[in-house]
Amino acid sequence: GTSLVLEGSGFLVGYGVTSIPFSLGGGCTVNLVQSNNTYLVCTTLASIPAVVGVSQEVLVDMGGALVSAGNFTYIDVSVDSLYPTSGSTLYGTTVTISGGGLTAGDGGVTVRVGPSDLGHFCTVTDVTDEAIVCTMPSLGVGSDVPIDEALLVEVNIDDVWYEAGSFTYRDVSITSMAPLSGLCAGGTRVTIEGHGFTAGRGLQSVSFVEHLVTQRLPGPGCTVDMGASSDTTVYCTTVEVSEADCPVICDVSVVLDEEHSFSTIDQFTYQTPTIISISPTSGRSEGGTRVSVVGSGFDIAYGVEGAFVGSSIAGLGAPCTVESDPPPSADGFECSTSSVTSGSLLHVGVSSFFIVVVDTHDFIAPDNFTYIDV
C-alpha cells in the first residue's frame with residue numbers, strides 16, 4: 001500500500017512497464033494514469049514474511065533488461081503505547097508514542113486526538129523508527145474538546161491509521177493549603193488540596209519562593225511525600241530556613257509535568273515562637289495551678305500542641321493542660337499544671353524548665369517553674 005515514485009527516462013509505460021518486481025519478493029503495481037516515460041508511480045504489494053526488514057533491489061524492465069532503481073525495505077509497523085496518558089487543559093503536554101517501524105513510507109506522520117470530526121491533532125515534533133514525539137494543544141475557553149474523558153489517539157503512518165491508546169484532558173486546580181505557617185527549623189507537614197495533580201507526567205515538586213521579591217530566586221522548598229500524595233492531595237514537609245532569613249513569607253506553587261507551576265491562593269509564613277513570660281512561676285505539687293503564658297507565634301502551624309514542666313517526654317515531666325477558655329491565641333494561652341508523680345524528673349522545691357511545644361518542637365520559657373508543697 002506504499003506509494004512509490006521512480007524518476008528516469010524510457011520507462012515505456014503501457015507497454016513494457018506494468019509492474020515492478022523486487023529482487024527478493026513482493027513488488028509494485030504501476031499506476032498507468034499517473035505514470036509516463038520519465039515518471040513512474042506504483043503501489044507496493046504485500047510482502048512475504050521472509051523479506052520483512054531486508055533491503056532489496058527495485059527492478060525496472062527497460063526494454064527487456066531489468067535495471068536496478070535503488071533499494072526498498074518492507075517494515076512491520078507497530079504502535080504500542082503513549083505516555084503520558086493525560087495532561088492539563090492549560091498547556092501543551094508533550095506525549096511520546098512508542099512502537100516500531102514508525103518511519104515507514106515517506107516518514108510523514110499525523111497524530112489525531114478524538115474522533116475525526118473534532119479536528120483535534122497532536123503537533124509532531126520528532127519521529128524516529130521507535131518513537132513519535134508530539135505536543136497536545138492547550139484548550140481555550142469554550143473548547144468543544146471534552147474534559148476528564150478518554151480520547152482515542154490514532155497515528156497515521158503511510159496512509160494507515162493505528163490506535164496508540166487514549167489521552168485525557170484534566171482541569172488542574174488548587175483549592176486549599178494548611179497550615180499556612182511553620183517553624184524556621186522546618187519539619188512542618190503541609191497539605192495541599194485540589195484536583196488533577198497526576199496530570200501529564202504527574203507531580204514533580206512543591207516550590208516556595210519569597211513573596212514580592214523582584215528577583216524570584218528559588219526558596220527553601222517543601223519535600224514532597226510522593227507515596228502519600230494523590231490526584232487530589234499533595235503532602236510535603238518544609239525544609240529549614242536560616243534564622244537570619246526568618247521570618248519570611250513565601251509564595252507556594254505545585255509543579256507538575258516537569259515545569260508547569262500552579263500557585264496556591266495563600267502564602268506560607270516561616271517564623272519562630274517566642275515565650276516572654278509565664279505567671280505564676282510556682283504552684284502546688286498536687287497540681288491545678290493555672291499558668292498564663294505570654295509571647296508570640298503560638299498560632300504557628302496548628303498552634304500550641306502542649307505545655308510541660310521539666311520535660312516534654314512522656315513520664316519524665318508533668319503536663320500543663322492547655323485551656324480552651326479563654327481560647328489560645330498567637331500571643332498567649334493558659335494551662336493547668338498536673339501533679340508531681342513518682343518516677344518523673346521533677347522534685348518538689350526544685351526549679352524546672354517550662355516547655356511549650358509548637359509543631360513538634362520544644363521551646364523553653366525564660367522563667368522556670370517550681371512545684372511547692374503547701
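Q: Asp 225: buried, partly exposed or exposed?
A: This is a predicted model. Asp 225 counts as partly exposed, because its relative accessibility is 29% and that class runs between under 20% for buried and over 50% for exposed.

Q: Which side chain does Asp 225 meet in a salt bridge?
A: Arg 189. The N to O distance is 3.3 Å.

Q: How many salt bridges does the structure hold?
A: Seven.

Q: Which residue does Asp 231 pair with?
A: Arg 170. Their side chains form a salt bridge at 2.8 Å, N to O. Asp 231 lies in the loop between strand 19 (222-224) and strand 20 (233-238). Arg 170 belongs to strand 14, residues 160-170. The separation is 61 residues, and the pair links distant parts of the chain.

Q: Are those two buried or exposed?
A: Buried. That goes for Asp 231 and for Arg 170.

Q: Which residues are linked in a network with Arg 170?
A: Asp 148 and Asp 231. Salt bridges link the three.

Q: Switching to Glu 334. What does its side chain meet?
A: Arg 290, in a salt bridge of 2.6 Å, N to O. Glu 334 lies in strand 29 (residues 332-337) and Arg 290 in strand 26 (residues 290-296).

Q: How many residues apart are they in sequence?
A: 44, so the bridge ties together separated parts of the sequence.

Q: What about accessibility for Glu 334 and Arg 290?
A: Glu 334 is at 23% relative accessibility and counts as partly exposed. Arg 290 has a relative accessible area of 37% and is partly exposed.

Q: New topic: Ser 282. Where is it?
A: In strand 25, residues 282-284. Ser 282 counts as partly exposed, at 29% relative accessibility.

Q: Which residues does Ser 282 touch?
A: Thr 289, Phe 369, Thr 370 and Ile 372. That leaves out residues up to four places away in sequence.

Q: How many residues apart are Ser 282 and Ser 352 in sequence, and what is the distance in space?
A: 70 residues in sequence. In space, 9.8 Å, C-alpha to C-alpha.

Note on methods:
Residues numbered from 1 in each chain as written. Predicted model: local features only at pLDDT ≥ 70, side-chain atom pairs only at ≥ 80, totals over all residues. Heavy atoms only, no water. Salt bridge = Lys/Arg side-chain N within 4 Å of Asp/Glu carboxyl O. Helix = DSSP H or I, 4+ residues; strand = E, 2+ residues; numbered from the N terminus. Buried < 20%, exposed > 50% of the residue type's maximum accessible area, 1.4 Å probe, protein only. Contact = heavy atoms within 4.5 Å.
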